[in-house]
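User: Could you take a close look at one part of this model for me? I'd like to follow the place where the two chains meet, and then see what lies behind it.

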Amino acid sequence: MREERYDVVVVGAGPGGSTAAKVAAEHGLDVLLIEKNQEIGVPVRCAEGVSKRVENFVSLPKECIATEAAGARIFSPDGTCVELSEKTARGKLAEVGYVLERKLFDKYLARLAADSGVEVRVKTQAISILKDGSSVKGIVVRDVSDDAKIFADVVIAADGVESKIGRMAGLETRIKPADLEVCAQFYMTGIDVEEDFSEFYLGNKIAPGGYAWVFPKGERSANVGVGIEASRSRDGARALDYLKAFVRRKFPEGRVLGQVYGAVPVSGPIKSVADGIILVGDAARQTDPLTGGGILNAMEAGKIAGEVVAEAFERKDFSESSLREYEERCKELNEKLTRMYRARLLVSKFSDKELNRLARSLEGVRFEELNARELLRELIKRNPRLLMSLAKLFP
Amino acid sequence: MAVRVDRYKCGYCGACVTVCPADAIELVGVCIEIRENCNECGVCVNICPVGALELENKG
Ligand SMILES: Cc1cc2nc3c(=O)[nH]c(=O)nc-3n(C[C@H](O)[C@H](O)[C@H](O)COP(=O)(O)OP(=O)(O)OC[C@H]3O[C@@H](n4cnc5c(N)ncnc54)[C@H](O)[C@@H]3O)c2cc1C
C-alpha cells in the first residue's frame, strides 16, 4: 500500500475541518484535509442560518450570503407569535443573522485553508485508522486510485454527525434516538415569505420534539424544513411526513426545487480526545441541543483544535493528556451546550397547551436581541412555577 | 442481509449510521451499505426521515 506522511490529517471538509486545517497550517504544520464527497459543500445538509457572530471567524464574501435577516419569529401551536428583532441594528450580535449559501460557504472555507498551505483532496474517504498500541497514527484513505496509508502525528476527525472516525479510535460517538433530531427540508420557491425574518414553528403536531422552520433565501424562496426527535419517528410519522403536512398547510402554492435530509446530534458534548486524535464539530456533538445550530460551534472548536495541535507539536507530545488542552479550552462552549441540553429536555416535554401559555406570557415584550438565552430568561421570569427547573440553569 | 435500503427513497443523510448500535451501517458517497453484523434491531428503520429502510422478512 502507498504510504504518505503529514504532520496532521483532517477528516471532513465541513466548517469544522476546514477551520482546523487552516489554523494548523498557519502555525507552520504540514496538513492534509480530505473530503469524501466529490465536491466540497455538496450535498448540503443544513438550513443555513447563522448568527452574525460568523464574522468573528471569517469575513464573508457576498456570494456566501443568501439573505440577511432582521429578526426571528417563533410561533406557538395556536399561532401566537414571539418576535425577536434586531432593532438597534449595528453593534448587536444577532442569533439569526444570515442565511448562508453553504455550497459556497463550505468551499470558501476550504479555499482559505488551501491558501494557507493545506493540501486538499476530495472524493477521498477515510476508511480506517492506523494505530500503534492505543495511539492513533493516521488513517487509510480510499480514492479513485489505490488505497493509501497516511501517517500523521494527529488526526483531527471533523467527519460530521456519523462520527465514524472517533468510534474507530475507541471514543463512544454512537447516539441514541432521543438525542438525535432527524430532518427533512425543501428548498421552495413561489411562496409568500417575509424576506428578512426567520420563522420557527413549535408544536407536537407540527414537529414532535423539534420545530419547523422557514429561513428565507431571496425573493419568494426559502428553506422550509422540519426536525423531529428521532425517538418519536415511526412509519407514517417521519420527518418527511411532518414536512409534507406543514408545506401543504403553509405553502400549498409553492414549488420544490431541492430536497435535503439530515440528522443533528443534540446529545451535548462527549469525550473528544484520545491518544493522537481530536474530534471537532458535529463529530464531537458540539451542536446546540436546543436550536440545532452547529456551524459556528464547529468553527470555534476547529480553531481551538488547530491551535492545540500546534502547541502539541512544540511539546512533541500527542498523547491524550497533551491534547486534553482542547477540551479545557472548549470548556465554556461545552458548558453552554450542557445547559442547552438540559433546557431541551424540559422544553421538548411541553404540551401544546403549555407552549401556547408560554408564548402568550411574552405578549408585548420587545426582544431586541436575538438570543435564545435572553428568551429563556424572560420566560422564566414570567413563568416561575412552570419553569422552576429551567431557572436553575439560567440564573 | 437483514435491513434493506430502498435507493430510490434514501436521502443519504447518515441518520441511520449515527444511531446503529452495532456499527453495521456505512455511508459511502450517496450509498448506504449494511454490513453482516447487523443485528436486526430496527432502530434505523424507525428513525429514517423518509422511510427508506425496511426489515427484511427472511422467513
Ligand atoms: C437539516 C439540517 C439543518 C441544519 N440547520 C442548521 C442551521 O440553520 N444553522 C446551523 O448553524 N447549523 C445547522 N445544522 C447543523 C450544521 O449543518 C452542522 O452542525 C455543521 O455542518 C457541522 O459542521 P462540521 O464541520 O462539524 O460537519 P459537516 O459540515 O457535517 O462536515 C463533515 C464532512 O466530513 C465528511 N466526511 C465524513 N466522513 C468522512 C470520511 N470518512 N472521510 C472523508 N470525509 C468524510 C462529510 O462528507 C462532510 O463533508 C443543520 C443540520 C441539518 C441536518
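Analyst: Happy to. Please keep in mind that this is a predicted model. Let's start with the contact itself: 24 residues of chain A touch 25 residues of chain B. Together the two chains bury about 2000 Å², and carbon and sulfur atoms supply 54% of that area. On the chain A side, the residues that lose the most area to chain B are Lys164(A), Arg238(A) and Tyr261(A), which together account for 27% of what that side buries.

In total, 3 salt bridges are found across the interface of chain A and chain B. There are also 12 residue pairs in polar contact between the two chains, counting pairs with both residues at pLDDT 80 or more. As for where the chain A side comes from, the elements that give two or more residues to it are α3 (164-168), β12 (180-189), α4 (239-250) and β16 (255-265) of chain A. By class, that side of chain A holds 12 nonpolar, 3 polar and 9 charged residues.

Now for what lies within chain A. The chain is divided into domain 1 (2-45 + 103-174 + 269-329) and domain 2 (70-94 + 176-266 + 349-395). Their centres, taken over C-alpha atoms, are 31 Å apart. Where these domains of chain A meet, 12 residues of domain 1 are in contact with 11 residues of domain 2. The domains bury about 810 Å² between them, with 70% of it on carbon and sulfur atoms. Between the two domains of chain A, 0 salt bridges are found, and 2 residue pairs are in polar contact, again with both at pLDDT 80 or more. The side of domain 1 that touches domain 2 in chain A is made up of 4 nonpolar, 3 polar and 5 charged residues.

β4(A) pairs with β7 (residues 98-100) of chain A over 3 bridges, in the antiparallel sense. Within β7(A), Leu100(A) is the bridge partner of Ile65(A).

Technical notes:
Residues are numbered from 1 along each chain as its sequence is written. Chains are lettered from A and ligands numbered from 1 in the order in which they are written. This is a predicted model: local features need pLDDT of at least 70, side-chain atom pairs count only at pLDDT 80 or more; totals for chains, interfaces and linings use all residues. Side-chain values use heavy atoms; hydrogens and water are left out. Contact means heavy atoms within 4.5 Å. Buried area is the accessible area (1.4 Å probe) that two parts lose on being put together, summed over both. A salt bridge is a side-chain nitrogen of Lys or Arg within 4 Å of a carboxyl oxygen of Asp or Glu. A polar contact is a pair of N or O atoms within 3.5 Å; within protein, one must be able to donate a hydrogen and the other to accept it, and residues adjacent in sequence count only if both atoms are side-chain atoms. Helices (H or I, at least four residues) and strands (E, at least two) are DSSP runs, numbered from the N terminus. Ala, Val, Leu, Ile, Met, Phe, Trp, Tyr, Cys and Pro count as nonpolar, Asp, Glu, Lys and Arg as charged, and the others, Gly among them, as polar. Domain bounds come from an automatic or database domain assignment. Two strands pair if DSSP finds at least two bridges between them.
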